[in-house]
Number of protein chains: 2
Amino acid sequence: MSDQLHHPPAEALELAAVLHALSDPIRLNIVRSLADAGACNCGAFTVPVAKSTLSHHLRVLREAGVTLTTREGTQRVVSLRAEDLTARFPGLLDAVLASAPVAA
Amino acid sequence: MSDQLHHPPAEALELAAVLHALSDPIRLNIVRSLADAGACNCGAFTVPVAKSTLSHHLRVLREAGVTLTTREGTQRVVSLRAEDLTARFPGLLDAVLASAPVAA
DNA sequence: TCCCTTGTTCGACATTCGACGAACATCGTA
DNA sequence: TACGATGTTCGTCGAATGTCGAACAAGGGA
């Protein structure tokens, strides 16, 4: 297997795919956690789903180009691709994060 | 039936719903047309789908609070709720429109 | 009145999505 | 080597989504 997980290059990010990735409450939650905490391993997210489901959501985010996932020993470290996103879609991530105080 | 179509009030717009409404290429196309042309009747959109499908997409946009639809005789006039969206999610619509030059 | 234009609504259908548990792979460590 | 921790992948399920055509509703003219 590729020891590198699939990530789209920065210039290939598609708006519809990014918006779709962000349009799920669970994933929005994950993105907010990442914006707050910087980077997390997969187990650090407090989402009310099974780990296989979490893995699925992280994959959607990763394949849309929203997050970056790297191997760190037996763990995965997930972080926001904030710079790539902002370069491709200026203001989008900021607007989403500003509007997404979860419960609001 | 209600001669008024259902539209969520400005303060009830949900981010995930708005993002989901915008995450479809066809709907993104519609939103861009509206941003350019101001307001259109349903038939004015040049989208490659059947009219029933277009009607469905317009409903999704309307129920997410992205567009406003009013009756105008036998036609419907569809417009962007740009002010409501910007008030609720500052910068979001601008970012989407700036990034959505369709073919880009 | 009859008909045409404009959209909506109603099934039907295939596809996708989100969710789960079970099984598997990988790495670090005892 | 054996085991435990961490995630991924697989198979499955039900619900939602996108699409279409056909039927329907409402207005405006001829």
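Colleague: Which residue in the turn of the hairpin formed by β2(B) and β3(B) has a positive phi?

Modeller: This is a predicted model, in which local features need pLDDT of at least 70 and side-chain atom pairs count only at pLDDT 80 or more, while totals for chains, interfaces and linings use all residues; side-chain values use heavy atoms, with hydrogens and water left out. Residues are numbered from 1 along each chain as its sequence is written, and chains are lettered from A and ligands numbered from 1 in the order in which they are written. Helices (H or I, at least four residues) and strands (E, at least two) are DSSP runs numbered from the N terminus, and the hairpin of β2(B) and β3(B) has 2 residues between its strands. The residue in the turn with a positive phi, about 65 degrees, is Gly73(B).

Colleague: Which residue of β3(B) stands opposite Thr70(B)?

Modeller: Two strands pair if DSSP finds at least two bridges between them. Strand β2 (residues 67-72) of chain B is joined to β3(B) by 6 bridges, and the two run antiparallel. β1 (residues 39-41) of chain B also pairs with β3 (residues 75-80) in the antiparallel sense, over 3 bridges, and there Asn41(B) stands opposite Val77(B). The residue opposite Thr70(B) is likewise Val77(B).

Colleague: In chain A, what is the bridge partner of Asn41(A) in β3(A)?

Modeller: In chain A, β1 (residues 39-41) pairs with β3(A) in the antiparallel sense over 3 bridges. β2 (residues 67-72) is joined to β3(A) by 6 bridges, also antiparallel, and Thr70(A) of chain A stands opposite Val77(A). The bridge partner of Asn41(A) is Val77(A).

Colleague: Is Arg62(B) buried or exposed?

Modeller: Arg62(B) lies in helix α3 (residues 51-64) of chain B. Contact means heavy atoms within 4.5 Å, and beyond its neighbours within four places in sequence Arg62(B) is in contact with Leu5(B), His6(B), His7(B), Pro8(B), Thr67(B) and Thr69(B). Buried means under 20% relative accessible area, exposed over 50% and partly exposed in between, with a 1.4 Å probe and protein chains only. Because its relative accessibility is 11%, Arg62(B) counts as buried.

Colleague: Which backbone nitrogen lies 2.9 Å from a polar side-chain atom of His7(B)?

Modeller: His7(B) is found in the segment before α1 (15-22) of chain B. A polar contact is a pair of N or O atoms within 3.5 Å; within protein, one must be able to donate a hydrogen and the other to accept it, and residues adjacent in sequence count only if both atoms are side-chain atoms. The side chain of His7(B) reaches the backbone oxygen of Leu5(B) at 3.0 Å. The backbone nitrogen at 2.9 Å belongs to Thr69(B).

Colleague: How much area do chain B and chain A bury between them?

Modeller: The contact joins 18 residues of chain B to 18 residues of chain A. Buried area is the accessible area (1.4 Å probe) that two parts lose on being put together, summed over both. Of this area, 77% is on carbon and sulfur atoms, and the total is about 1,300 Å².

Colleague: Which element gives the most to the surface near DNA strand D?

Modeller: A residue is near a strand if one of its heavy atoms lies within 4 Å of it, and Gly43(A), Ser55(A), Ala50(B), Ser52(B) and His57(B) come nearest of the 19 residues around DNA strand D. Sugar and phosphate account for 60% of the atoms of DNA strand D that come within 4 Å of the protein. α3 and β3 of chain A, together with α3 of chain B, each supply at least two residues of this surface. With 4 residues, the element that gives the most is α3(B).

Colleague: Which residue has a polar side-chain atom 2.5 Å from a phosphate oxygen of DNA strand D?

Modeller: A polar side-chain atom of Lys51(A) lies 3.0 Å from a base nitrogen of DNA strand D. An N or O atom in the side chain of Thr53(B) is 3.0 Å from a phosphate oxygen. The residue at 2.5 Å from a phosphate oxygen is Ser55(A).
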